[in-house]
Amino acid sequence: KSLRGWTRTDFSTLGDVRVENPFRGGPGAIVVALAEELNGVTRTRPVPKTDYEVSLEAMRLAGHDFFCGLTFPVGEAAATFVVGGWSGSVVGISCIDGADASVNETTRLMDFDQERWYRIRVRVTPAKIECWIDEKKVVNVPLAGRKISLRPGEIERSLPFGLAAW
């Protein structure tokens, strides 16, 4: 209904971020317009650091890279669940033990249709990170002995919790 509790993320390429209500005849949606590079929104209200679950629906309207980069806390660290990255098909967590979503144990390739809703769900506990696309579990990472971090660069501006697209 509104962007209350959210702000446009201060990436170097500022694109349009707006609420369309209704969106294509259905409920309202936050529309993160295609920008030159990153564009997105960041939560302005407190968020938990562990023992939580978040779900959303995301749709690629344009472009050929990630349409959902969900940055979230993992205890005192943070990670990003990348959906549709690296030319449109990579899914995974950035970063685990210094390796980004394209080259770690969570890396998987998936096809994503333009203009189709995908249900994204992330669960963080002290023991692990789990992620689903639609009802399929695509990430199940134990945290013991692991270093969780963000990929260096502008995605850090999504902290503490944000949604970005490339």
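Mentor: Start with the second largest pocket: 13 residues line it, and Phe-66, Trp-86, Arg-151, Ile-155 and Trp-166 lie nearest its centre. A pocket is an open set of points on a 1 Å grid over the protein atoms alone, where a 1.4 Å probe fits, with protein on both sides within 12 Å along at least five of seven lines; lining residues have an atom within 4 Å of a point. This is a predicted model: local features need pLDDT of at least 70, side-chain atom pairs count only at pLDDT 80 or more, and totals for chains, interfaces and linings use all residues. Residues are numbered from 1 along each chain as its sequence is written, and side-chain values use heavy atoms, leaving out hydrogens and water.

Trainee: What volume does the second largest pocket have?

Mentor: About 280 Å³, counted as the space filled by probe spheres set on the points, with grid points joined across faces, edges and corners.

Trainee: And the largest pocket, what volume there?

Mentor: About 980 Å³. Of its 39 lining residues, Ala-29, Ile-30, Val-31, Glu-57 and Leu-163 are the closest to the centre.

Trainee: Which elements give two or more residues to that lining?

Mentor: β3 (29-32), β4 (39-43), β5 and β13 (162-165). Strands are DSSP runs (E, at least two residues), numbered from the N terminus.

Trainee: Switching topic. In what order do the strands of the open sheet run?

Mentor: β5-β10-β11-β12, with antiparallel pairing; two strands pair if DSSP finds at least two bridges between them. β5 (52-58) and β12 (136-142) are at the edges with a single partner strand each, so one side of each lacks a neighbour in the sheet.

Trainee: How many bridges join β10 and β11?

Mentor: Five. Val-124 has Ile-129 in β11 as its bridge partner.

Terms used: Helix = DSSP H or I, 4+ residues; strand = E, 2+ residues; numbered from the N terminus.
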